[in-house]
Structure formats: structure tokens, C-alpha cells
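Consider the aromatic side chains of the structure shown here.

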Amino acid sequence: MKGRPAAPVRPHAIAVIGGATAGAEVAARLAANGARVAVFEMNPRPYGKVEDGLPRWHHALRRKEFEGIVGKLSHPGVHFVPLTKVGRDVALEDLTERWGFSAVVLACGAWRDRPLPIEGADRFVGRGLVYQNPFIVWFNHAGERDYAGPRFVIEDDVIIVGGGLASIDVAKAHMLECTRAALAKRGIDSTVLDLEVGGIPKFLARHGLGFEELGIRPCTLYYRRRIEDMPLMEAPEGADAIRLAKVEAGRRKILEKAIEKYFFRVEPLAAPDGLVVENDRLIGLRFRRMRVDAGDRNRLVPTDETFERRGRYVVSSIGSIPEPIPGLPMKGELLAFDDWDLGRIAALPTLFGAGNVVTGKGNIVASRKHAQHVTQAMVEAFLGLAPEGHAGEEGILEATLSQGRQAAEAVAAHVATLEPPAPLALERLLERVKERQRAVGFGGSVAVWIHDHTPPDFE
Ligand SMILES: Cc1cc2nc3c(=O)[nH]c(=O)nc-3n(C[C@H](O)[C@H](O)[C@H](O)COP(=O)(O)OP(=O)(O)OC[C@H]3O[C@@H](n4cnc5c(N)ncnc54)[C@H](O)[C@@H]3O)c2cc1C
């Protein structure tokens, strides 16, 4: 006897805020699980930090991840809603309460620079103080005719405050551009890629030149901890002294290789402490010498010694924090997550977080857990220090992707306990999503949209 066919499982509807590495991963996984997923992305292209945070010489990684994101957002259950900023074009409450989504995933990254921790510093933005996020956005789009954002001029002898991977990329950008300019003065043409891939010494050797002959005063990266503490590699949880020493040696080795190839300088144990201002322009910083507590290597102790350093300008590259969205509770500069692992806030029970929005500054435990996926080989590939160049650098995104997978599983488990929206309610919800797609001119194909919204001179 034939049984009656099982009633089709009604789908849940889930909203994702941010369509880049984390958001696209979550969306595709939930859609593959049968959900209908609306992805709200504020920019025309959903590439996030991969387009605007990783300098453009990460050419292969960018192309690969761009394709990956487009593929994931093209999944039949995913409804891509570009040019839609949650908090401006759509209210957060629309997604958490009014439209009828079963869950909302925050995957909006971390786009605000952590402020340089010196009273009054931000008065000098545009007058000697540069923040990393707008700097890299410009660096990546500088060659585009229609680029409309803030512009910068790269000079030598610059102060960079930082210590993480992103600050090394900022130092590299300075050294590569200064070298290019010095070579151009000698009538030698070079591209950033020519210099980045093999390293500056190799390129110069081909022209019978040494770096000192170029007359460039290298930029200096000031870091408040020791070189061995740089957050370039994570120590596994519960690592013993031998393992820790290996990780520390690995960090030093990575940095030494980077200096050999790109000639920037590093001054460790120096924390920004005051501004050096002349003619209402920031021309340097006062630093405080730090030391590491002998009994507890994680404890940093300020000393009485201060010293002044001058430079052409100061770049602050000390981390990115999430932009506030009206309706999202904040605690200081961070989102007020109650569960940092899954990005959950008790007052918003349908909300989950994934990617940089939760692994930004302050979330040491979750960052560590996911950063275990990142090995020394990947970091060396990312920084262009491996013998094979950048091959394998895509591993650097594995931490974010693993978070996306974890968030998708948590959301799926959560919505499994809820009643899916009734068919009519789902229809109404999807109609609201389509209405917004029509308002921004999105015709239904992510690939066509991307084609139409990529400048012809986009690198
Ligand atoms: C130099 C450098 C080194 C890095 N190294 C590592 C590493 O070692 N390990 C690691 O995990 N990560 C690393 N990262 C970060 C890496 O780039 C990220 O892990 C990953 O790209 C972040 O992806 P995401 O999707 O979380 O955030 P993003 O790429 O920032 O994407 C967020 C998206 O949300 C959109 N958005 C923001 N606000 C809104 C809103 N209100 N409404 C709608 N859309 C919104 C943005 O436009 C963006 O497209 C590094 C980054 C840099 C720059």
C-alpha cells in the first residue's frame, strides 16, 4: 500500500547582514539546508575586506574569493539585496521583529578603525594622521578613474602604529610605493606586483642596484609588545613552554623575513603616548617604553622612559571594530555580545554573529579558537615570504570560513526548534525582499549585477 507523500518541510527565512566571506558562507550553507536566505549588503559588490582590506597585490586570493562569494550568493535559495545598509535603508528591527525572519546573522565585519589611544588625536585626521581602513581602500582603488573616496600620497619616513598582519601590509604598501617612485626617477618602470612578489632586493639586483642607493628613509612600525608577541600566529590553547617558545620563534622569523624583503623598520615595546604637533599638523608621536613583566609575559608594564619620533605622517593600524547599527547594544567600542563564540545577545534572541564582527578586538577567545586554522605557512604565504610566493595564502580566510560554518550550524539548530513561517507570511516576507531588490535595480542574477557594477579599470 502506498503511503501518502510526506508533507513538504516548510522553509525558514533567515536574514544575513553583510554578503562577504562570512555572510556568503553562512547564506549558502543555510540555503543548501533548505532555508530561504536574504543577504543585505551595503556596497554594490559583496567582497568586504577581501576587496577593501587586503592590499591589491593579493591578486590570486582576491580573484578566487570574489568568485567563491559570487558562487555562494548565486545559490537558488539565496536572495541577494545589494546597496542596502541595515540601520539606514532597512532597520535592524525590520529583520529581527517585523518582517518575520526566523533568525538574523550579523556578518557585517569590522570597518571602523580603533581610535589611536591618545587624547585629541582624531583632530589631526587629514593633517598628519591617517587611519588604515580608508588608506587601504584608496590604495586598492587608486587606479580607478571614478574613485571618489579620500585620497592619500605615500611618502617615506612614516610612522606606523600597529603590530598585526594588517599593519605589516601597510608598511609593505609604503615601501613598495616609495621604491617604485625612486626607480621611476631613475627611469626604471616597475609595478607593485613586480616588487612584492619577488621582494625588493631581487628586483633591484636585476638592475644592479642596492636599496641604500635609492635614498629612501624606511617607514617604522611601532609595536607596544615584543616582536615575539606579534599576533602573526596563535599559540594552541594550553600550549606548554616548549610549544610557546616555538610559536614565538616563528613570529620573529616571519617578521625578519618580511624586513629582509621589504626593508621597513620595527621598533618594539613602544606604546603611543602623546602627539607631536607643529603648525597644527601631526608630525610625530611621543612613545612610552614598555617592558614585559618578568613573572607574567602577557602583562605589559609602562616604564618611566618616553621618547619622541618624527615622521612625514602617522598611520594608525591598531585594529578594526564593528560600526554601530541602531538597535544593536554596544559596550564601549564593541558589540555587547553575551556569547562571544556564537555572537549572541540575550536581548535579541534570534540574532547570531559570524566573521570579523565577532572576532574583532576584544574577542580573544573566539579569535584564538578560529585562528588555530591559520598556520605559519599560510601567514608566510599571505605576506609573500614563502619560496612559492603567495601559493596557499587563501588559508588565511579559513578562520572566517570556519566561523561561517559554525554560525550556519548554530542557526540551523536554533530554527529547527521554531515553527517556520506560514506560506502566506513567507510569501509576504519574500515580496518585501523583492521590493527592495527592485528599488536598487537588482534584476535577480548576482553574476550580471557584479558585471554591471565592476568598474572597467577595477584591479
Ligand atoms: C591584512 C589583513 C590580514 C588579515 N588576516 C586575517 C587572519 O589572519 N585571519 C582572519 O580570520 N582574518 C584575517 N583578516 C580578516 C579577513 O579579511 C577576514 O577574516 C574576512 O575577510 C572577514 O570577512 P567578514 O565577512 O567577516 O567581514 P567583511 O569582509 O568585512 O564583510 C562584511 C560585509 O558586510 C557589509 N556590511 C557592513 N555593514 C553593513 C550593514 N550595516 N548593512 C549591510 N551590509 C553591511 C560590508 O560591506 C562587507 O561586505 C585579515 C584582514 C586583513 C586586512
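This is a predicted model: local features need pLDDT of at least 70, side-chain atom pairs count only at pLDDT 80 or more; totals for chains, interfaces and linings use all residues.

Residues are numbered from 1 along each chain as its sequence is written, and side-chain values use heavy atoms, with hydrogens and water left out.

The structure holds 17 aromatic pairs. Rings of Phe, Tyr and Trp (its six-membered ring) pair if their centres lie within 6.5 Å; planes under 30 degrees apart count as stacked, over 60 as edge-to-face and the rest as tilted. Phe40 and Trp99 are edge-to-face because their planes stand at 70 degrees, with ring centres 6.1 Å apart. This pair links distant parts of the chain, 59 residues apart: Phe40 belongs to strand β2 (residues 36-40), and Trp99 to the loop between α4 (92-98) and β4 (103-106). Helices (H or I, at least four residues) and strands (E, at least two) are DSSP runs, numbered from the N terminus.

Phe40 has a relative accessible area of 1% and is therefore buried; the term means under 20% relative accessible area, with exposed over 50% and partly exposed in between (1.4 Å probe, protein chains only). Trp99, at 13%, also counts as buried. Trp99 pairs with Phe101 as well: the centres are 6.4 Å apart and the planes at 25 degrees, so this pair is stacked. Phe101 is buried, as is Trp99.

Elsewhere, Trp57, Phe135, Trp138, Phe139 and Phe152 form one aromatic cluster. The charged end of Arg56 sits over the ring of Phe139, 4.3 Å from its centre. A charge sits over a ring if NZ of Lys or CZ of Arg is within 6 Å of the ring centre and within 35 degrees of the ring normal. Lys49 lies over the face of Trp111, at 4.7 Å from the ring centre.
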